[in-house]
There are 2 protein chains.
Amino acid sequence: MVKIGLLGCGTIGSGVVELLGKEWCQKQQLSIEKILVRNLNKHNSTSYGYKLTNNFEDILKSDIDIVVEVMGGTDPAYFYVKQSLLQGRHVVTANKDLIARHGMELQKIAHQNGVRLLFEASVGGGIPIIKPLSESLAANNITEIRGIVNGTTNFILSRMGNSGRSYETALKEAQQLGYAEASPEADVQGYDAARKLAILSSIAFQESVNYEDIYIEGITNITNDDISLAKYLGYSIKLLALSRRNRHGIMARVSPVMLKNAVPLAQVADVYNAIIVKGDAVGDVLFFGQGAGKLPTASAVVGDIFDIVRHNIGSCSPENSALQDMPLAKVDMADSKSDFFIRLKPTHRFDAMNEVAGQFQRFEFVFPDMVKLGKAIDQNQIIFIAYGVLEKDIQQRIALLKSSGKIESILSIIRMEEEL
Amino acid sequence: MVKIGLLGCGTIGSGVVELLGKEWCQKQQLSIEKILVRNLNKHNSTSYGYKLTNNFEDILKSDIDIVVEVMGGTDPAYFYVKQSLLQGRHVVTANKDLIARHGMELQKIAHQNGVRLLFEASVGGGIPIIKPLSESLAANNITEIRGIVNGTTNFILSRMGNSGRSYETALKEAQQLGYAEASPEADVQGYDAARKLAILSSIAFQESVNYEDIYIEGITNITNDDISLAKYLGYSIKLLALSRRNRHGIMARVSPVMLKNAVPLAQVADVYNAIIVKGDAVGDVLFFGQGAGKLPTASAVVGDIFDIVRHNIGSCSPENSALQDMPLAKVDMADSKSDFFIRLKPTHRFDAMNEVAGQFQRFEFVFPDMVKLGKAIDQNQIIFIAYGVLEKDIQQRIALLKSSGKIESILSIIRMEEEL
């Protein structure tokens, strides 16, 4: 019998209890011995009440083989996971904050103690991505990861796009449906997506990508005007997580982008997630499914538990793992090129257009036909698209535009992707 | 150093040689010791000429750890793989024929001899599917597999749909591009897809699905009229591999279907493959990528090699594997329901429509408006769609229609899927 200690019994934890309770799961000879919760009273009417504890020491005392951490956050999860590994217990976690911040250190501790640390559920919910990326695609030199990895923001943007709801209304709706938290900052400001991108990029590029080095823009400034204009131009706005590696280094960013409607990621709607991995041998491989939720996430957690049971309980020494022994990546996007959709409010229309033309004369750029853009759009604004501009140049050009006196304000700057 | 013996050095084999020759692959301490080919002269100008042999005995004599079988077909591949396993060598194969026919027996032999048999490349080319299905999604009760798993037929149908080419012209084009073989029967008649479906279904349902029990229809009877009519109705014609499990048993079929354009599989074009797995916890998960080709397939083969190196070289006993120890599945689709698009040539139009109405009175059915269907379509035909008809009933009804004397011939019977 393999003994499991569960840290946390919220949405995902109760999903894990549910899956492990199924008859055919029980054949695997797994048993949840102890469940650590903060508030004992909240759970004492459940069928597993007798397994509860609010003292972490009870977990390690109980001869546990696998510690399953589904609390979220890094404090006290980091301490608990570290202690568990140091005491020779395998750990399965769904915690992207923990892995993005401390993954490499924890993997090292796991290896030193002859146990495994698995975290399939930390990215993409139930979608198998960590294992396919680190094992099935291991023969590839991976050059790009791109994905929609945050369901909350994708739901909000989908609602704004389909039904013309404002950002605020769509966010409220997401909160009512349980897709967004009361404090939605981690999702809507892009931090959650950046943590997931850091994990995927580190595995893909075999260099540790610190999520604090990732350029992050959230969706809080996206307006219905942006979405309507994108639609008119044949694009959808998505929060895209993108990283690329070339000879010079790694670029990684999370930001709203306009994606050409024909590309697969543009068609990922609502709370779904999709991740595309580009390998030199395999080309593009896409993984799509439910990126969050009780049972999808529990599916990934229990998959990791089975993995440990099959491969490692017993005498095997642990394999080399996904995040281990890698150098810190140099992450910089200054020399990365993009197309930019820019919307601004002029002090004087004609002067401002001249100023734009002057500042962007080195680049290819167009002013889309404002008349065709429709009457719903405020006509007292200037929209232009600049093609193939370096990130460092766009910052400089925008600064010059702002200081020219011809511009009242910059309304939006959104990257455009035609081929992703 | 891990020693590899390669059986076959055609398209996939040379891809394996290429990938294993890359600098960062060499760090894995892998070495191809021997390469078995039929015709030594064909390869003797290559850089690996000194490793060639045309005698299988040389492979096993050479202290090989992993035998990589990329010859295709079952004779002599079956004998070679069996001998390799019996002599305690791990085997990696890309051979769907071999696994669909002998997978369970070979897995058993592998297990008895303490080695592994891996076959990621046998389905979906470079797309990770065997490992995600058998490991990452192991916590799920899987109820359905559906996919486009044959690139050749998908290319032909895409060309017929996009450019109005005839089946024959599209097939010729596929042959010129190397997507179809000179003898294309295994692809165009659906056998290749059925073998892949048998492998996926056996893993998913944990019952051995014999590919000879799968209902198979190829694409050779699909005409440009069918494709135009599908387009008019908002559907695309695809060769769909579909299996479902419920309490009563398993239904599995490969056939052309009209897929509603909005569903993801309808948008899979050209030689791409996509597979959707439905699990009770995870919901639908989709895997998409290049389903064939030299380097994508070699990517999967080398991924399997790495897997063995990481987990198994040394003292580990092999894990329980994907295809092992399962009962033979009862496969039957008589009690499965579908919608059917039916096109027929009447002897007399009005009588035939009456006859159809009589035969299908128990079912919901419609005659789409022939005028709207356009002048390009021969107006001397009857088209109707019957909804929710059991497979056993459709056969019976069609037989009755044929024997009624009101019908000159049945032009097409194509299943329709709205929600797949």
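How many Å separate the centres of domain 1 and domain 3 of chain A, taken over C-alpha atoms? Some notes on that and the rest follow.

1. Ground rules. This is a predicted model, where local features need pLDDT of at least 70 and side-chain atom pairs count only at pLDDT 80 or more, while totals for chains, interfaces and linings use all residues. Residues are numbered from 1 along each chain as its sequence is written, with chains lettered from A and ligands numbered from 1 in the order in which they are written.

2. Domains. The answer is 50 Å between those two centres. Chain A splits into domain 1 (2-128 + 294-311), domain 2 (130-290) and domain 3 (337-417), with bounds taken from an automatic or database domain assignment.

3. Interface. Here 40 residues of chain B are in contact with 40 residues of chain A (contact: C-beta atoms, placed from the backbone, within 7 Å). On the chain B side, α2 (23-26), α7 (130-136), β12 (283-290) and α13 (294-311) each supply at least two residues, and α13(B) gives the largest share, 10 residues. Helices (H or I, at least four residues) and strands (E, at least two) are DSSP runs, numbered from the N terminus. The copies meet through the same surface, since 100% of the interface residues of chain B are also interface residues in chain A.

4. Sheet in chain B. Six strands form an open sheet with parallel pairing, in the order β3-β2-β1-β4-β5-β6; pairing takes at least two DSSP bridges between two strands. In chain B, β3 (52-53) and β6 (117-118) are the edges, each with a single partner strand, so one side of each has no neighbour in the sheet. Strands β4 (residues 66-69) and β5 (residues 90-93) of chain B run parallel and are joined by 4 bridges, with B:His90 in β5(B) as the bridge partner of B:Ile66.

5. Leaving out residues up to four places away in sequence, A:Leu197 touches A:Ile145, A:Val149, A:Ile214, A:Ala241, A:Ser243, A:Ala252 and A:Val254.

Terms used
Contact = placed C-beta atoms within 7 Å.
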